Amino acid sequence: MGEERFDNNGYDNEDNNGEQITSVKRLVLVIGSFFGLILAIGIVSKIPGAEWILGLLVAVLFTGAGIFALKSTRGASMLPVVFIVVGVLIGVFSVTSKFFPDMRNNMPTWVIGAILIGVGALMIVYPIVALIVIKNKYKVSVDATCVKLDIHSSSGGSDHRHTHTYRPVYEFTYSGRKYTVKDDYFSTGLGMSTGDVRELLIDEEDPTKFYDLAALQARARFPNIAAIICIILGIIVVIIG
């Protein structure tokens with residue numbers, strides 16, 4: 001039987017254009033929503049006594065961005081989770097300041113330090129938990145070859161310096177079918193070249209859903225520097241408080 005080729009969205013490669021158009025529409029919708037929230041924040045900031053509503057809008061902005069990024073990375077990255085936690089905390093503080101001012105004013109300083117420590121600990125623990133959960137769900141592994149690197153270039157700053165992000169395109173064969181898959185997002189510092197072989201964890205029901213095992217293990221093995229800074233700052237605040 002001849003090999004069949006599928007892309008990472010479960011469609012034949014000829015349908016890529018339609019999928020790309022859908023992705024662009026979603027991106028425009030998300031960006032438009034964020035700009036709408038920012039405009040609302042600007043309007044509310046001019047209204048006396050509406051600081052708590054301003055806080056809620058900021059909370060929605062952080063939480064929405066976190067949920068969108070969490071869906072894009074399919075739970076593999078912990079940064080979206082931090083955004084969600086920060087958004088929830090901002091919302092809680094905003095509501096507490098408005099409706100329970102005594103509780104907010106009497107809150108000891110060490111609580112802020114404890115929150116910082118908790119966020120830092122979450123940033124360390126989440127990649128480990130994510131690795132365990134993903135390995136339990138995606139039990140089939142395949143050796144996939146990097147056949148291409150999608151490169152996205154952007155320029156910014158006064159010197160218009162170019163920044164490059166990368167996305168590997170993999171090929172592998174599973175159950176007599178050839179699949180071409182790629183992540184939904186780009187990243188920096190990829191450290192990969194065309195021809196490299198990586199072990200992917202795939203969904204046996206839908207092999208187009210996959211995770212790069214080495215990337216997951218690297219995130220779980222090396223604590224994020226931001227997490228360490230959060231914990232150190234939290235400990236300092238607790239001691240001072």
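This note sets out numbered points on the fold, the helix packing and selected residues of a predicted model.

1. Basis of the note. The model is predicted, so local features need pLDDT of at least 70 and side-chain atom pairs count only at pLDDT 80 or more, while totals for chains, interfaces and linings use all residues. Residues are numbered from 1 along each chain as its sequence is written, and side-chain values use heavy atoms, with hydrogens and water left out.

2. Overall fold. The chain has 7 helices and 6 strands. Helices (H or I, at least four residues) and strands (E, at least two) are DSSP runs, numbered from the N terminus. In sequence order the elements follow the pattern β-α-α-α-α-α-β-β-β-β-β-α-α. Of the 241 residues in the chain, 28% are buried; buried means under 20% relative accessible area, exposed over 50%, and partly exposed in between, with a 1.4 Å probe and protein chains only. Among contacts with a separation of 6 or more, 63% are between residues 24 or more positions apart, where contact means heavy atoms within 4.5 Å.

3. Helix 2 and helix 3. Helix 2 (residues 51–73) and helix 3 have axes that come within 7 Å and cross at roughly 160 degrees. Axes are lines fitted to C-alpha atoms, for helices over the stretch in contact, and angles run from 0 to 180 degrees between N-to-C directions. Helix 2 is therefore roughly antiparallel to helix 3; on this scale, angles under 35 degrees count as roughly parallel, over 145 as roughly antiparallel, 65 to 115 as roughly perpendicular and the rest as oblique. The crossing of the two helices is left-handed, a term used if the near helix is turned anticlockwise from the far one by less than a right angle, with right-handed used if clockwise. The contact of helix 2 with helix 3 comprises 18 nonpolar, 7 polar and 1 charged residues. In this classification Ala, Val, Leu, Ile, Met, Phe, Trp, Tyr, Cys and Pro count as nonpolar, Asp, Glu, Lys and Arg as charged, and the others, Gly among them, as polar.

4. Helix 5 and helix 7. The axes of helix 5 and helix 7 (residues 225–240) are 7 Å apart, at an angle of about 160 degrees. These two helices are therefore roughly antiparallel to each other, and helix 5 passes helix 7 in a left-handed crossing. Their contact has 17 nonpolar, 4 polar and no charged residues.

5. Helix 5 and helix 6. Helix 5 (residues 109–137) also packs with helix 6 (residues 213–221), the axes coming within 8 Å and crossing at roughly 150 degrees. By class, the contact holds 7 nonpolar, 1 polar and 2 charged residues. From helix 5 the residues are P127, I128, L131, I134 and K135, which meet L213, L216, Q217, R219 and A220 in helix 6.

6. V119 and V82. V119 is found in helix 5 and counts as buried at 10% relative accessibility. Apart from neighbours within four places in sequence, V119 is in contact with V82, V85, L89 and C230. V82 lies in helix 3 (residues 79–99) and is buried, with a relative accessible area of 11%. With neighbours within four places again left aside, V82 is in contact with V119 and M123. The C-alpha atoms of V82 and T63 are 9.2 Å apart, at a sequence distance of 19 residues.

7. V119 and C230 are 111 residues apart in sequence, yet their C-alpha atoms are 7.1 Å apart. For A226 and G120 the corresponding values are 106 residues and 7.4 Å. A226, in helix 7, counts as partly exposed at 32% relative accessibility.

8. Cysteines. The structure holds 0 disulfides, a disulfide being a pair of cysteine sulfur atoms within 2.5 Å. C146 counts as buried at 1% relative accessibility. C230 is also buried, with a relative accessible area of 17%.

9. Backbone at S175. The phi angle of S175 is near 55 degrees, a positive value in a residue other than glycine. S175 lies in the loop between strand 3 (161–174) and strand 4 (177–182), and counts as exposed at 59% relative accessibility.
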